[in-house]
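Look at the model below and follow its chain from the start.

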Amino acid sequence: MNVIIAGATGDIGRAIAKNLTLKHRLLLTYRDEEKKNSLAQDLPRTEDVVFVSIKNLWEDAERIQKKFGLFTPEVFINAIGAGFYAKVEDTTLEILDASYEANLKIPFFLTQMAYNIFLKQKKGYVIFVNSISGLEGFPYGTAYSAMKFALRGLAEVMYKEGKRYGIKVTSIFPGIVKTKLIQKMPFCPKEKCLLSPQTIANTIVYLLNLDPTVEIKEIILKNKELLWR
């Protein structure tokens, strides 16, 4: 199976890539050359792995779209996201714009590239790694949660529009995951309460191995040891 992973050098993206590389051909997007090289060294094998830089996404959009098309993807996984945390009264337009770019604009643009290929192929599978913040608002989540809610809306539209073209869409909503994102959070639970990136990677393997007659629209992965209000 040909799988594109957007955000492959992040903690969750890396776990997904390592899980899938033995059984699937991968196209992995990246922005940072050092992180890309580190990921390449971590993968069990790289013969069937293509790396595509999105550092200059807007200027290189045509080149990236061509790379996607030549790869003939069957699955597109969006694992792009960044944390922006501030109270309502402290959220500036700059913070809001930065969260929009990282958590909605770039994920939409890359997903749209794959979606357009799936339309022509009359088949494909889009998986969004969203966040529990896309289902529930939390303190300090003005910029982050708003964009994750919007990402869920995008997935909902793709799910309904794509169904007639054989396109499946699933959103995964993890709770608090042990990634570099927690360093930005104003509060964080004890490490034993955190989800592992491997849990999200295992969930994706589960989705890809489902009987083709089955679809799962949304999966919520909450931290068992936390009290959710």
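The text below starts with the helix pair and ends with the loops.

This is a predicted model. Begin with helix α1, residues 11-20, and helix α2, residues 33-42. The axes of α1 and α2 come within 10 Å and cross at roughly 30°. Angles under 35 degrees count as roughly parallel. The helices α1 and α2 are therefore roughly parallel to each other. The crossing in which α1 passes α2 is right-handed.

Which residues of α1 and α2 meet? On the α1 side they are Arg14, Ala17 and Lys18, and on the α2 side they are Lys35, Ser38, Leu39 and Asp42. Sorted by class, this contact of α1 with α2 has 4 charged, 2 nonpolar and 1 polar residues.

Next, go to the loop between α4 (93-121) and β5 (124-129), where Lys122 is placed. The backbone angle phi of Lys122 is near 65°, which is a positive value in a residue other than glycine. Is Lys122 buried or exposed? Its relative accessibility is 52%, and exposed means over 50%, so Lys122 counts as exposed.

Further along, the loop between β5 and α5 (142-162) holds Tyr140. Tyr140 also has a positive phi, near 70°, and is likewise a residue other than glycine. The relative accessible area of Tyr140 is 30%. Buried means under 20% and exposed over 50%, with partly exposed in between, so Tyr140 is partly exposed.

Definitions and conventions
Residues are numbered from 1 along each chain as its sequence is written. This is a predicted model: local features need pLDDT of at least 70, side-chain atom pairs count only at pLDDT 80 or more; totals for chains, interfaces and linings use all residues. Side-chain values use heavy atoms; hydrogens and water are left out. Helices (H or I, at least four residues) and strands (E, at least two) are DSSP runs, numbered from the N terminus. Buried means under 20% relative accessible area, exposed over 50%, partly exposed in between (1.4 Å probe, protein chains only). Axes are lines fitted to C-alpha atoms, for helices over the stretch in contact, and angles run from 0 to 180 degrees between N-to-C directions. Angles under 35 degrees count as roughly parallel, over 145 as roughly antiparallel, 65 to 115 as roughly perpendicular and the rest as oblique. A crossing is left-handed if the near helix is turned anticlockwise from the far one by less than a right angle, and right-handed if clockwise. Contact means heavy atoms within 4.5 Å. Ala, Val, Leu, Ile, Met, Phe, Trp, Tyr, Cys and Pro count as nonpolar, Asp, Glu, Lys and Arg as charged, and the others, Gly among them, as polar.
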